[in-house]
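Subject: Structure handover and findings

Dear colleague,

Please find the structure below for your records. A summary of the findings follows it.

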Amino acid sequence: MERYIECINPATGQVWDTLKIPSAVEIEIMAAKAREAFQDWSVTPLAFRKQIVARFGELVQENLEHLAQLLTKETGKPITQSRREIRQADRRIRFFLDIADRYLAPEVAYEDEKVREEIAYEPLGLIVNISAWNYPYNIGYNVFIPALLAGNVVLYKPSEYTPHTGLEFQDLFRSAGLPPHVFTTIIGNGQTGAYLTERIPADGYFFTGSHATGMKILEQCRKRTVPIQLELGGKDPAYVANDVKDLRKVAAALADGAFYNNGQSCCAVERIYVHTEVYTDFLKHFVQEVKGFILGDPRNESTYIGPLTRAAQLDILERQVADALSKGARLLLGGKRIPREGNWFEPTVLADCSHQMEVMKEESFGPIIGIMGVKDDEEAINLMNDTPYGLTAAVYSSNPDRARRIMEKLNTGTVYFNMCDRVSPYVPWSGRGHSGLGLTLSYHGLRAFTRTKSYQLLKSN
Ligand code: NAD
């Protein structure tokens, strides 16, 4: 196993820190201590667990500026977007705190004069949580906040691109009064993740990352009869119908949905289908909008597009552009790397795309969008569903009934009407097909960290 991670600032390409990866023996010790900590934590009153999670949330907000700067340094996310992520993630904490009493309490499922039947929700135990770098607060909170509230202990492996953010989580939980070893950050890379899933017998494995890694994790966890949950990638479509009222506004919303966080969102809009009657006008507004995005140093307040977090993505984007152009796409904007230190790519708009092109089929995860015209709703539905992914899909129309008929036919875990690229704590976040297995958020996402015990009680002999 490699012994160190190099932390590289994606905006400059400079190595700014080196962190030690724990050895296999050290990981085994961390897991053993976490298991021991479970004995007390699992029976700690929920009120106390809630108090600690609430304090953690407060401490994150109190340290917002420092944490946002750190996130920007690790990922290249524009500073205003880093602050926004941290601020908005707090909503998830508050949501889980609000619902915990209700959904973790035992329920009476049946009762008559002879018997009483109850459902109790017990914690799973030791959770291995392997996370991604693109929204470490949001996707981290989706897992470890409900897991801890439900009485589990967590081994949290942040991405190798956001290890300092992961260490901050551990420190802030300590400061919030969380007992030792209930939440442990394990610094590491893919090999560390593989070790955690292959060698550490946990009671649940919760992963967020790419489909390719998700498939390896399924393999690595095989023969384990515990919950394995995968939040994976997407190739999320949007459809613009011919009856939209304000095409400019729709184009602006979709440009933001495609380019926010440099397109590095699991639910970023990755392909757009536009009714042919409004296609040309849509392209005009869309390009105008993207041209207005300010690209530059992610520490600047006005920057909207920074560098990509991972250098390797540049090759994928370059390949997708070349493939699309060779098959007849029209390049309306961008199309190439920006020649400066760090991982920079021009915001890229491709029109007249087709499903023969990689840009319409494979996750781009960068500042690039493929657009094509469609003759009617039926064609839009067929093309939107022509993907192995199934995370989200958006429909823009002025007619809610028409939009609902379309949304009912879309094979995704989330559908949006006149909005896109959005996550709410109140409803489940789940992917179909290559986008994942299981769910987070909503009350289902709290109970995902529990197992039921059925009590069948005879009232009298
Ligand atoms: P990734 O799959 O490269 O890495 C994710 C995590 O897995 C990292 O911590 C990495 O160290 C670890 N890992 C790598 N190889 C492993 C292995 N063999 N065994 C165990 N762990 C291993 O993904 P990424 O680049 O960090 O994140 C981007 C991907 O995540 C995109 O595909 C994006 O769509 C997806 N994502 C999905 C959601 C969602 O909610 N569905 C949210 C955010 C990101």
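A salt bridge is taken here as a side-chain nitrogen of Lys or Arg within 4 Å of a carboxyl oxygen of Asp or Glu. By this rule, one salt bridge is found across the interface of domain 1 and domain 2.

The model is predicted: local features need pLDDT of at least 70, side-chain atom pairs count only at pLDDT 80 or more, and totals for chains, interfaces and linings use all residues. Residues are numbered from 1 along each chain as its sequence is written, and side-chain values use heavy atoms, with hydrogens and water left out.

Domains and their interface

The protein chain falls into domain 1 (3-232 + 435-458) and domain 2 (236-424); these bounds come from an automatic or database domain assignment. Their centres, taken over C-alpha atoms, lie 30 Å apart. Contact (heavy atoms within 4.5 Å) involves 24 residues of domain 1 and 27 residues of domain 2.

The two domains bury about 2,300 Å² between them, 52% of it from carbon and sulfur atoms. Buried area is the accessible area (1.4 Å probe) that two parts lose on being put together, summed over both. Gln-81, Trp-133 and Ser-435 supply 24% of the area that domain 1 buries against domain 2, more than any other three residues.

The rule also finds 13 residue pairs in polar contact across this interface, both residues at pLDDT 80 or more. A polar contact is a pair of N or O atoms within 3.5 Å; within protein, one must be able to donate a hydrogen and the other to accept it, and residues adjacent in sequence count only if both atoms are side-chain atoms.

Salt bridges

The count comes to 29 salt bridges. One of them joins the side chains of Glu-301 and Arg-83 at 2.9 Å, N to O. Another pairs Arg-116 with Glu-118 at 2.6 Å, N to O. Burial is given by relative accessible area: buried means under 20%, exposed over 50%, and partly exposed in between (1.4 Å probe, protein chains only). Arg-116 is partly exposed at 27%, whereas Glu-118 is buried at 18%.

Glu-160 and Lys-157 also form a salt bridge, their closest N and O atoms being 3.8 Å apart. Here Glu-160 is partly exposed at 28%, while Lys-157 is buried at 3%.

The side chains of Asp-352 and Arg-330 meet at 2.8 Å, N to O, in a further salt bridge. Asp-352 is partly exposed at 32%, as is Arg-330 at 40%.

Yours sincerely
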